[in-house]
Amino acid sequence: MEAYPVPGLSRSAVIAVAIFLAAHFALLIGLTTPDKFVFDEVHYVPAARQMLGFTAPQPMLNPMHPPLAKELIAASIAAFGDNALGWRYPATLFGALAVVAIYLCGLALFGSQGPAIATALIAAFNQMLYVQARIAMLDIFALGLGLLAIAAFMHGFRRERPQALFAIAGALFGFAAACKWSGLFPLAVCIAIVAVVRLMQGWHTLFADARPTDWYRPDLWPTFRAHHAALCFALLPAVTYFAAFVPLYGLSLSDLIEAQRRIFADNTTTAIAGHTYMSSWPSWPLLARPVWFLFDKTADDNVAAIVFLGNPLVAWPALLALAVVLRDLIIARRWDAFLIAAFYFGCWLAWALLPRTLGFIYYYLPAATVASLALVYALRREGLPHWLLWAYVGMVAIGFAVMLPISAAFIGTSMQTFNHLMLFQSWI
């Protein structure tokens, strides 16, 4: 019943540190271009400045989101100055952490360094993560913390005593939600998984042809009790979530409740006015409508552009890989396919349940990152040559390089190249 053993814990730690440093260094290159606000930085950086006392404390700026990510931006401004580096540096840290986290997810699912590293590379070469990790917005903070929590849950899933890893996951989910409420989506997935497993065990469910790779086993988590579940997936997330509010509100219960009311009201309100780049959740996996974070003319025929789009060589093949995952989940009941499908569809389809109609493709970022696990899962199936996975990683890297001129403002590009990379009318 144990999960795949972690192949050389010390070796895995060294590789994780190496991945973090490489990703962090890559994300830092050209970070301060442009040296002005990009897209929604206009909302979050002023809120961080207000936390530092740079502006009047009332009215509170950006009360519609929890404070943790803005507190981290504020700490960076205090350390590096009120400039582009100070605004964006924390995003690079959490972007690098997200790459490490998906590597750890790969270790949990595949039990081998090669596929885990390939998973990290595919995620890193997806423009979605790259662009979001170089802007002072909230999503990358929720992603990094949420993926670390998912990794902890995946590592604990097949263990006889998952309490410690599930507790780590719960605490991290609380911190993720304290950055943005979308961090609650994977926590809800974990709660649903635990509830389904316990319900089936309560019914004494048995598979007639039980296999070691089944996602459900009647002897799963024999020492994990209801009070453990409440601690890991309710109490700990609540404690870490509310801890982020203490620097702003102290221990005032009325202020904490009012803050939650404001956040809830904003995130469940149906938008009346449209937005140039808004899109609906069914279109996100298809990359139907990107978001232009920046488009500046730098010369007669040159532009500096940041388009949140994603690498088509990751996003579109991922749909086929997810079909393979679903096939193995339904027919073979594989636990690794089950976890990939649960967190991908949980992070994506949760947006379909919200009454708010204003949506953007960068809401798809967590699901798109989890999709890298599906791609590796599909490419390492029995009967496929081992080199195929690495050939695909190389192809993804080429796609990333081709799209880089419209993903990083410091590179710049000609209008002709920009128009060539805008493949569809809906991208313009």
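Mentor: Let's start with a definition: a salt bridge here is a side-chain nitrogen of Lys or Arg within 4 Å of a carboxyl oxygen of Asp or Glu. By this rule there are twelve salt bridges. This is a predicted model, where local features need pLDDT of at least 70 and side-chain atom pairs count only at pLDDT 80 or more, while totals for chains, interfaces and linings use all residues. Residues are numbered from 1 along each chain as its sequence is written, and side-chain values use heavy atoms, with hydrogens and water left out.

Trainee: What makes aspartate 82 and arginine 49 a salt bridge?

Mentor: Their closest N and O atoms are 3.0 Å apart, which meets the cut-off, so the pair counts. The two residues sit in distant parts of the chain, 33 residues apart: aspartate 82 is in the loop between helix H3 (68–80) and helix H4 (84–110), and arginine 49 is in helix H2 (residues 41–51). Helices here are DSSP runs of H or I with at least four residues, strands are E runs of at least two, and both are numbered from the N terminus.

Trainee: Why are aspartate 82 and arginine 49 called partly exposed?

Mentor: Buried means under 20% relative accessible area, exposed means over 50%, and partly exposed is in between (1.4 Å probe, protein chains only). Aspartate 82 has 36%, so it is partly exposed. Arginine 49, at 21%, also counts as partly exposed.

Trainee: And what makes arginine 217 buried?

Mentor: Its relative accessibility is 18%, and therefore it counts as buried. Its salt-bridge partner is aspartate 219, with closest N and O atoms 3.4 Å apart.

Trainee: Why is H8 called mostly covered?

Mentor: Eleven of its 15 residues are buried, among them Phe166, Leu172 and Phe173. What covers them includes helix H7 (139–157), H9 and H10, where contact means heavy atoms within 4.5 Å.

Trainee: What makes the radius of gyration of the whole chain agree with a compact globule?

Mentor: The radius is taken over C-alpha atoms, and the globule rule is 2.2 Å times the number of residues to the power 0.38. For 428 residues that gives a value near 22 Å, and the protein chain has 22 Å, so they agree. The chain holds 17 helices and three strands, and buried residues make up 55% of its 428 residues. Among contacts between residues at least 6 apart in sequence, 75% join residues at least 24 apart.
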